[in-house]
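Let's take a friendly walk through some strands and their partners. Have the model open and follow along.

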Amino acid sequence: MSKPVVLIAEELSPATVEALGPDFEIRNCNGADRAELLPAIADVDAILVRSATKVDAEALAAAKQLKVIARAGVGLDNVDVKAATQSGVMVVNAPTSNIVSAAELAVALMLAAARHVSPAHAALKNGEWKRSKYTGIELYEKTVGIVGLGRIGVLVAQRLSAFGMKVIAYDPYVQAGRAAQMGVRLVDLDTLLAESDFMSVHLPKTPETVGLIGADELAKAKHELVLVNAARGGIVDEGALYDALKTGRIAGAGLDVFASEPCTDSPLFELENVVATPHLGASTDEAQEKAGIAVARSVRLALSGELVPDAVNVQGGVIAEDVRPGIPLTEKLGRIFTALAGEVAQQLDVEVRGEITEFDVKVLELAALKGVFSDIVENQVSYVNAPLLAAERGTAVRLVADPESPDHRNLITIRGTLADGAQLSVSGTLIGIHQKERIVEVNGFDVDLEPTEHLAFLRYEDKPGMVGTVGGILGEAKVNIAGMQVARDAKGGQALVALSVDSAVPAEVLEQIRTSIDASSVRAVDLT
């Protein structure tokens, strides 16, 4: 029998080939050259890439035998995951390969900014000895604020604790008890800005985090603040940061990422109190070797039909055909749950009821967790790493399977207990011969709504005119309502409006709705 073919489309660590072993035919090509890539990918079983090779719909159409795309790194901007999934191609990456390198670079930038390493080095190379001009500050006994206490944020916190720093953190998706175990005090963002002498950003780039640190936030900071961003460009507003640094509003910055990359021309580069690097977070020999070895192992597992820990878009193992249609629905329910909760639950129950419980429905628990964490962590969430994310955040998870389902043939419910003891639930089902997805319950309110790309949920006191007010505000904002469900617990009691809309509802429109109907809760959900 011929060996499976693995195409290495970019220069990878020699350890990558060693980790693949002798069971594969190894080919090489220049993946950045489309004319070379497209014919080369035609008959291969797996392709290994870094960031220069674009594996898009065109490449997938040319790859008739492709089973696995392996990205030797974290980001997947150059891989069309949706197209790969539609083509039945597994996508794997190396989500933990660069976390140590990224954490160390954040610390390096902090030290360099604190001690004016960059301008002092430039002055000395120009023949100038300026010891007094470049007097710096110590990290010892200062307060550092970590914005985002994920894997990299935790590593940074641990390293800076060893410098004798007091560590505080802002992360609405981490429980205070979990942070306290690491010696970290959780605070809100305003408190972090007010107390921090140093600040390091470690958040994923999402619609909610873009521009999170802007002019208003920097105005609340100490004048001595040194801000480091080695996470993602755009989380810190670069214009506001320039103004704050130029006017002395804050003391310094260390930057490895930028809103638009590659970035070689920025006003920030003109400032002596800025030290900048060209997105070097993962650029170490060790990180590249770890990434290559990790994806090589994933390729071996995938091509042998085994479970793949770092699979991004599919789970290994056998899944019953009756269970499969519920997987995307359950993931959407998880995303809706997190959007409604605004935090990670302390206890999460995934309840599966009805006929499908005669099969193994463990994958639905994993799909729920994948949805719950997909929009709040930086790395791609897989069905295998999702339980680890829950454990890291102190969330207890339970799968409840019950063959009895009084109202629906099958019903999937995600029910969680939040930090303040409040409970939240969202339920969905599949209807008809085409198994169409429906949200049928939100926190005790009965609804019947298709989970389209853009949703909104409004809770308020039941009284006349509220629905018309909501419709009028959305109409003025040119947001078209595709579907609307109104439910209430009692006449004059609490009411819920569940909306599917054709476009995302802007934050200012949501706030207008909140104030106009005196809503107790207004949440938008983006399932794109």
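Which residue of S21 does Gln485 stand opposite? Gln485 faces Ala498 in that strand. Please keep in mind that this is a predicted model.

## Strand S21 and its two partners

Strand S21 covers residues 494-501 and is mostly covered, with seven of its eight residues buried. Strand S20 (residues 481-488) is joined to S21 by seven bridges, and the two run antiparallel; the pair Gln485 and Ala498 belongs here. If you trace the hairpin of S20 and S21, you will pass five residues between the strands. Among them, Gly492 takes a positive phi near 80°.

Strand S19 (residues 454-461) is also paired with S21: eight bridges join them, again in an antiparallel arrangement. Here His454 stands opposite Val501 of S21.

## The parallel sheet

Now turn to the other end of the numbering. An open sheet is formed by five strands with parallel pairing, in the order S2-S1-S3-S4-S5. Its edge strands are S2 (25-28) and S5 (90-92), each of which pairs on one side only. On average, neighbouring strands in this sheet are turned by 20° against each other, direction ignored.

Within the sheet, strand S1 (residues 5-8) runs parallel to S2, and four bridges join the two. Ile8 stands opposite Asn28 in S2.

## A helix on the sheet

Helix H12 (residues 285-303) packs on this sheet. The helix touches S1, S3 (46-49), S4 (68-71) and S5, and its direction makes about 170° with that of S4.

Note on methods. Residues are numbered from 1 along each chain as its sequence is written. This is a predicted model: local features need pLDDT of at least 70, side-chain atom pairs count only at pLDDT 80 or more; totals for chains, interfaces and linings use all residues. Side-chain values use heavy atoms; hydrogens and water are left out. Buried means under 20% relative accessible area, exposed over 50%, partly exposed in between (1.4 Å probe, protein chains only). Two strands pair if DSSP finds at least two bridges between them. Axes are lines fitted to C-alpha atoms, for helices over the stretch in contact, and angles run from 0 to 180 degrees between N-to-C directions. Contact means heavy atoms within 4.5 Å.
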